[in-house]
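User: Hi, could you walk me through this model? I have a few quick questions as we go.

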Amino acid sequence: MIDIRKLLKKGSDFLGCQFPIIGGAMTWVSEKNLVSAISNAGGLGVIACGAMEPSHLENEIISTQKLTKNPIGVNLILMHPKIEKLIEICIENKIHFIVFAGGIPKKKYINQFKAKRIKTIAFASTLFIANRLKNFGIDALIIEGSEAGGHIGPVSTNVLAQEILPFISEIPIFVAGGIGRGESFLNYLRQGAAGCQIGTRFVCASESVAHDNFKNIFIKSEARSAQVSIQLDDRLPVIPVRAIKNKASVLFLEKQKEVLKNLEQGNVSLKEAQLTIEKFWSGSLKKAVIDGDIENGSLMAGQSVSMVKKIQPVKEIIEEIIQQASHEYNK
Ligand SMILES: Cc1cc2nc3c(=O)[nH]c(=O)nc-3n(C[C@H](O)[C@H](O)[C@H](O)COP(=O)(O)O)c2cc1C
């Protein structure tokens with residue numbers, strides 16, 4: 001434990017917490033209970049704003065702050081129609097970290113937070129984007145590989161780490177996607193990462209409000225069950241999402257076939273067809289996470305779902321990861 005602290009220091013100092021582990025924001029899952037538990041256990045908890053209304057976000061921030069005195073973050077989706085208002089709310093409520101998701105943040109947004117000493121973090125999917133964000137003044141980066149749960153890019157964590165980590169040392173980089181154990185976390189630290197971001201492993205935390213059905217399917221699933229959504233035709237774009245295969249994912253393929261047939265027969269316009277595909281998953285994460293409908297909802301999960309074995313307190317999950325990393329380090 002003594003030695004590994006050197007490797008953990010850069011990320012921990014940046015995050016202002018004991019361990020450089022960011023609890024990846026997960027829509028519907030990362031609310032006050034899980035977020036405060038992660039921050040109280042020495043990581044950085046991040047509220048998933050998702051599609052929340054500004055007033056809802058504000059309530060969530062205030063409730064989380066009542067449960068922890070430690071730093072927390074907010075994950076903002078850039079295409080949210082009320083993004084500017086959400087930014088105001090985060091500033092007013094003195095959030096410590098902002099994680100921008102769903103695109104490249106405007107320089108203006110970064111500067112707004114900088115002026116209030118709030119640190120900004122964004123996802124970089126290539127070295128080019130990483131450098132651009134660095135030049136925009138971003139404080140830290142997350143590189144997330146395709147093993148991750150939820151919306152993903154096409155490149156694996158392993159390759160992204162090699163492409164980006166050796167070339168950027170001025171700002172901390174957190175690695176995400178497929179990290180289920182401490183040995184893997186240590187590998188990325190050794191390659192120059194400041195820390196990691198983990199989502200899937202926290203879903204089954206005792207503090208997570210996810211429905212028992214959602215947690216149980218995680219505990220039962222293997223890595224191969226967490227599959228990327230399939231697109232049947234270029235005319236009907238499908239956003240790549242990694243989720244556990246279920247009835248809904250099979251129906252999604254059927255829906256695409258049906259819509260394609262209608263499109264080819266001239267029964268629907270291209271726009272209508274695209275909209276039907278786009279709408280298919282709307283509301284489906286909530287259906288699974290909150291209502292427990294694991295057949296018809298979306299079971300977003302990363303491949304590291306195979307390393308989710310039981311329901312455990314957040315503190316135990318974090319300690320396990322740190323112990324595994326320390327043990328490997330001292331071998
Ligand atoms: C159920 C679920 C929901 C997610 N929702 C979001 C989100 O709202 N915003 C975001 O930036 N990332 C989201 N993610 C990605 C996580 O924040 C994190 O980066 C990812 O889970 C890390 O990879 P891992 O799943 O292999 O640990 C989600 C992931 C999951 C599993």
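Analyst: Happy to. Let's begin with Lys-94, which counts as exposed because it has 11 C-beta neighbours inside 10 Å. The cut-offs, with C-beta atoms placed from the backbone, are 20 or more other C-beta atoms within 10 Å for buried, 12 or fewer for exposed, and partly exposed in between. This is a predicted model, where local features need pLDDT of at least 70 and side-chain atom pairs count only at pLDDT 80 or more, while totals for chains, interfaces and linings use all residues. Residues are numbered from 1 along each chain as its sequence is written.

User: Where does Lys-94 lie?

Analyst: Lys-94 lies in the loop between α4 and β4 (97-101). Helices (H or I, at least four residues) and strands (E, at least two) are DSSP runs, numbered from the N terminus. Lys-94 also has a positive phi of about 55°, although it is not a glycine.

User: And what about phi of Trp-28?

Analyst: Trp-28 has a positive phi too, near 75°, and is likewise a residue other than glycine. Most residues other than glycine have a negative phi. Trp-28 is found in the loop between β1 (21-23) and α2, and is partly exposed, with 18 other C-beta atoms within 10 Å.

User: Switching to helices: which residues of α3 are buried?

Analyst: Leu-57, Glu-60, Ile-61 and Thr-64 are the buried residues of α3. Seen down the helix axis, they fall within an arc of 100°, so they line one face of α3. The arc is taken over the directions from the helix axis to the C-beta atoms. On the other side, Ser-55, Ile-62 and Lys-66 are exposed.

User: Nice. What do the buried residues of α3 pack against?

Analyst: They pack against α2 (32-40), β2 (44-48), β3 (72-77) and α4 (83-92). A contact here means C-beta atoms, placed from the backbone, within 7 Å.

User: Which residues are buried in α1?

Analyst: In α1 (residues 5-15), Leu-7, Leu-8, Gly-11, Ser-12, Phe-14 and Leu-15 are buried. Their arc is within 160° seen down the axis of α1, so they line one face of the helix. The face turned away carries the exposed residues Arg-5, Lys-6, Lys-9 and Asp-13. The cover over the buried side includes β2, β6 (140-144), β8 (173-176), α8 and β9 (195-198).

User: You mentioned α8. Is Gly-182 buried or exposed?

Analyst: Gly-182 counts as buried, because it has 23 C-beta neighbours inside 10 Å. Gly-182 lies in helix α8 (residues 182-190). Not counting residues up to four places away in sequence, Gly-182 touches Ile-321, Ile-322, Gln-323, Gln-324, Ala-325 and Glu-328.

User: How many residues surround the ligand?

Analyst: There are 26 residues around the ligand, and the closest are Gly-24, Gly-149, Gly-150, Gly-199 and Gly-302. A residue is near the molecule if its C-beta atom, placed from the backbone, lies within 6 Å of it. The shell divides into eleven nonpolar, 13 polar and two charged residues. Ala, Val, Leu, Ile, Met, Phe, Trp, Tyr, Cys and Pro count as nonpolar, Asp, Glu, Lys and Arg as charged, and the others, Gly among them, as polar.

User: Last one: what does the domain assignment give?

Analyst: The domain assignment gives domain 1 (5-210 + 308-329) and domain 2 (222-300); such bounds come from an automatic or database assignment. The contact takes nine residues from domain 1 and eleven residues from domain 2. On the side of domain 1 that touches domain 2, five residues are nonpolar, four polar and no residue is charged.

Conventions. Two residues are in contact if their C-beta atoms, placed from the backbone, lie within 7 Å.
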